[in-house]
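This briefing goes through one structure by topic. Please keep the sequence and the 3D view open while reading.

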Amino acid sequence: MVPGYQVRSEDLEAITGDVPLTRGLGRAYGDAALPAAGDLRIAGSALADRVLRFDPQSGVMTAEAGLSLDELYRAFLPRGWFTPVTPGTRFVTLGGMVAADVHGKNHHVDGCFGRHVTSLRLRVADGRIVTCSRSEHPDLFFATIGGMGLTGHILEVTVQLAHVPTPWIYQEMARVPNIDAFMDALKGAAANWPMTMGWIDCLSSGGSMGRGVLFRGRWARPDEAPRAFPALRPPIPVPFMMPNGLIGRHTVRAFNAVYYRLPHPNRKVIHPKGFFYPLDVVGDWHRGYGSRGFTQYQCVLPASGGHPAVRRFLDVVTRGGNASFLCVIKDCGPEGEGILSFPKPGTSIALDLAMRDDTQQLVDQMNDCVIAEGGRIYLAKDALTRPEHFRAMETRLDRFLEIRRTWDPDGRIRSAQSVRLFGW
Ligand SMILES: Cc1cc2nc3c(=O)[nH]c(=O)nc-3n(C[C@H](O)[C@H](O)[C@H](O)COP(=O)(O)OP(=O)(O)OC[C@H]3O[C@@H](n4cnc5c(N)ncnc54)[C@H](O)[C@@H]3O)c2cc1C
C-alpha cells in the first residue's frame with residue numbers, strides 16, 4: 001500500500017484529472033500499481049464501485065472500475081451470474097482485471113478477462129474522457145487491455161457476465177509423480193475440463209522434479225450441488241509480521257513434502273472460494289515472509305518447447321533454491337486480444353520468491369531461460385525484470401509504445417514499473 005500517495009474518492013472522474021496513475025486494490029505483486037519516483041499522488045479507485053447497469057437477459061453489466069470481485073461475487077453469484085474469468089484472489093477491481101488482462105483456471109477455454117469486455121470508459125492523458133471498444137478507438141481498447149494502466153485511467157467497464165448453473169464447484173484432484181507426467185496430465189485435463197491447474201513442488205529434483213497435485217473442475221450441476229448458498233467468511237488474520245527467514249528452503253521443503261502426501265480427496269463439490277481463492281482464506285498471508293517480503297514471478301513457456309523446456313526452467317528454479325510454497329502450473333490457451341496480454345499457448349509457471357540478496361540474480365537467470373525458450377513474463381507479477389530482458393521477450397512492445405505515445409505524447413501517465421522497464 002502507498003499511504004499518503006493515494007487519493008481515494010467515490011468520484012473517480014474527479015480525482016483522475018491530474019494524477020499519473022490509477023490503482024485498484026494493490027494486488028499486483030510488483031511495482032505496476034506504485035507511483036514512479038517523484039510522483040506524489042495517484043488515484044485509488046476502490047471507493048468508485050457502483051454497478052451502473054445490468055441486463056438480466058443478456059448478462060451484460062457496466063460498473064465503475066473500482067468494483068471488486070468480492071462485491072461482484074456477493075451481488076451476482078446468488079443470482080446465477082459470475083465473471084467469466086477470475087484470478088486467484090477476489091480482492092481485485094474491475095479496472096485492475098482489465099489493466100492486467102487477468103487469466104484464470106479456465107484460460108484454455110475462455111481466454112483472458114479482456115475477451116469478455118465489450119467497452120471501456122477512460123480518462124486519457126490530455127484529460128478527455130473517451131469510450132473505446134472493438135469498433136471505437138480499437139487501438140486504445142486493445143492497448144488498455146493488459147496495458148497495466150499506462151494508456152489512461154479506466155473509469156467504467158462493460159463486461160459480459162457468465163451464467164452459472166449453481167454457485168458450487170465440482171472438483172477432482174490427482175497426485176502426479178513428476179513434471180513429464182504432470183504436463184501430460186494437464187494436457188489431458190484441458191481437453192475435458194473447463195478449469196484446470198496444478199501445484200508443483202519446486203524443490204524436488206531428479207526423478208521427482210515437478211511432482212505435485214493436479215486440480216480440475218467445473219461449475220457443479222443442480223443435481224450434485226448443496227441447496228445452500230456458499231457463504232463467504234472473513235479471512236483468518238495473520239496479526240503480526242513473521243520473522244525473516246521463517247519461509248526458507250527447509251520449511252518449504254517440509255511443507256511441500258507434507259502437502260504432496262496429504263490424502264487429497266479425489267472428487268467433491270466444494271465452495272468456489274476454496275477452488276478459486278485458496279490464498280484469500282488467510283488475510284495478510286504475505287506477513288509470513290517477514291519484513292523483507294517477497295515477490296512473485298510468472299512466465300509462460302511456449303508449447304513448441306514441450307516438456308524439455310519446462311524441465312530446463314524448473315532446473316533453474318530448483319538450483320536457485322528460493323522457491324515457494326506456491327508454485328502454480330497451468331496450461332495456457334491462445335494469446336489474448338490485448339497488445340501486451342500475458343498468456344500464449346504453452347505452460348505458465350508462477351512462484352513466490354522470498355526477497356533475499358540473490359533474488360535479482362535468480363530472476364535474471366529465469367528470464368535468460370524464458371528468453372531462450374521464446375516465452376514471456378507476466379507484468380502483474382513482476383518487480384525485478386530488467387528492461388533489456390523485457391524487450392527481448394516482448395515482440396509486441398513497439399506497437400504498444402507507439403499507441404501509448406499517440407494517446408500520451410508527453411508521457412504523463414506512468415508507474416514505477418513503466419519507468420523501470422520503458423524509461424517513461
Ligand atoms: C493471491 C493473488 C492471486 C492472483 N492470481 C492471479 C491469477 O490467477 N491470474 C491473474 O491473471 N492474476 C492474478 N493475480 C494478479 C492480480 O489479478 C492482478 O495484479 C490485478 O491487476 C490486481 O487488481 P487490482 O485491482 O488489485 O489492481 P492493482 O494491483 O491496484 O493495479 C494493477 C495494475 O492495474 C492498473 N489499474 C488498476 N485499476 C486501474 C484503473 N481503474 N485504471 C487504469 N489502470 C488501473 C494499475 O495501474 C496497475 O498497473 C493474483 C494476485 C494475488 C495477490
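Which residue follows H10, and is its phi positive or negative? The residue after H10 is Gly 374, and its phi is positive, near 85°. The model discussed here is predicted.

**Helix H10**

- The 15 residues of H10 should span 21 Å at 1.5 Å a residue, and the end C-alpha atoms are 21 Å apart, which agrees.
- Buried in H10 are Leu 362, Val 363, Met 366, Asn 367, Val 370 and Glu 373.
- These residues cover an arc of only 135° around the axis, which puts them on the same side of H10.
- An α-helix has 3.6 residues a turn, so residues three or four places apart point the same way.
- The partners against which the buried residues of H10 pack are E17, H9, E19, strand E20 (376-377) and helix H11 (387-393).

**Helix H9**

- Helix H9 (residues 306-320) has 15 residues, which at 1.5 Å a residue should span 21 Å; its end C-alpha atoms lie 22 Å apart, which agrees.
- Its buried residues are Ala 309, Val 310, Phe 313, Leu 314 and Val 317.
- They lie on the same side of H9, because their arc around the axis is only 130°.
- Pro 308 and Arg 319 are exposed, and they sit on the face of H9 turned away from its buried side.
- Helix H6 (179-192), strand E17 (294-302), strand E19 (346-354) and helix H10 (359-373) pack against the buried residues of H9.

- In H2, the buried residues are Leu 69, Leu 72, Tyr 73 and Phe 76.
- Down the axis of H2 they fall within an arc of 105°, so they line one face of the helix.
- Strand E6 (81-82) is included in what covers the buried residues of H2.
- Ser 68 is found in the loop between strand E5 (60-64) and helix H2 (69-76).
- Ser 68 counts as buried because it has 22 C-beta neighbours inside 10 Å, and 20 or more are needed.
- Ser 68 and Val 92 are 24 residues apart in sequence, and their C-alpha atoms are 5.3 Å apart in space.
- Neighbours within four places in sequence aside, Ser 68 is in contact with Leu 25, Asp 49, Phe 91, Val 92 and Thr 93.

**The shell around the ligand**

- There are 31 residues around the ligand, and Gly 24, Gly 88, Gly 95, Gly 96 and Gly 149 come nearest.
- Strand E2 (22-23), helix H3 (94-99) and strand E9 (153-160) each supply at least two residues of this shell.
- H3 gives the most, with 3 residues.
- The shell has 15 nonpolar, 14 polar and 2 charged residues.

**The nonpolar cores**

- In the largest nonpolar core, of 103 residues, those that touch the most other members are Val 98, Leu 120, Ile 154, Val 157, Phe 182, Cys 299 and Leu 351.
- H6 provides the largest share of this core, 6 residues.
- Another core, of 7 residues, lies apart from it; among its members are Ala 220, Phe 275, Phe 276 and Tyr 277.
- Val 98 is in contact with Phe 113, Gly 114, Val 117, Leu 120, Thr 144, Ile 145, Ile 154 and Val 157, leaving aside neighbours within four places in sequence.

**Other loop residues**

- Gly 111 is in the loop between helix H4 (107-110) and strand E7 (117-123), and its 23 C-beta neighbours inside 10 Å make it count as buried.
- Not counting residues up to four places away in sequence, Gly 111 touches Gly 333, Pro 334 and Gly 336.
- Most residues other than glycine have a negative phi.
- His 137 is not a glycine, yet it has a positive phi of about 45°.
- His 137 is in the loop between strand E8 (129-133) and helix H5 (138-144), and with 20 C-beta neighbours inside 10 Å it counts as buried.
- Met 148, also a residue other than glycine, has a positive phi near 50°.
- Met 148 lies in the loop between H5 and E9, and with 25 C-beta neighbours inside 10 Å it counts as buried.

Technical notes. Residues numbered from 1 in each chain as written. Predicted model: local features only at pLDDT ≥ 70, side-chain atom pairs only at ≥ 80, totals over all residues. Helix = DSSP H or I, 4+ residues; strand = E, 2+ residues; numbered from the N terminus. Expected span 1.5 Å × (residues − 1). Buried ≥ 20, exposed ≤ 12 C-beta atoms within 10 Å, placed from the backbone. Arc of directions from axis to C-beta. Contact = placed C-beta atoms within 7 Å. Near = placed C-beta within 6 Å. Nonpolar A, V, L, I, M, F, W, Y, C, P; charged D, E, K, R; others polar. Core = buried A, V, L, I, M, F, W, Y, C linked by C-beta atoms within 7 Å.
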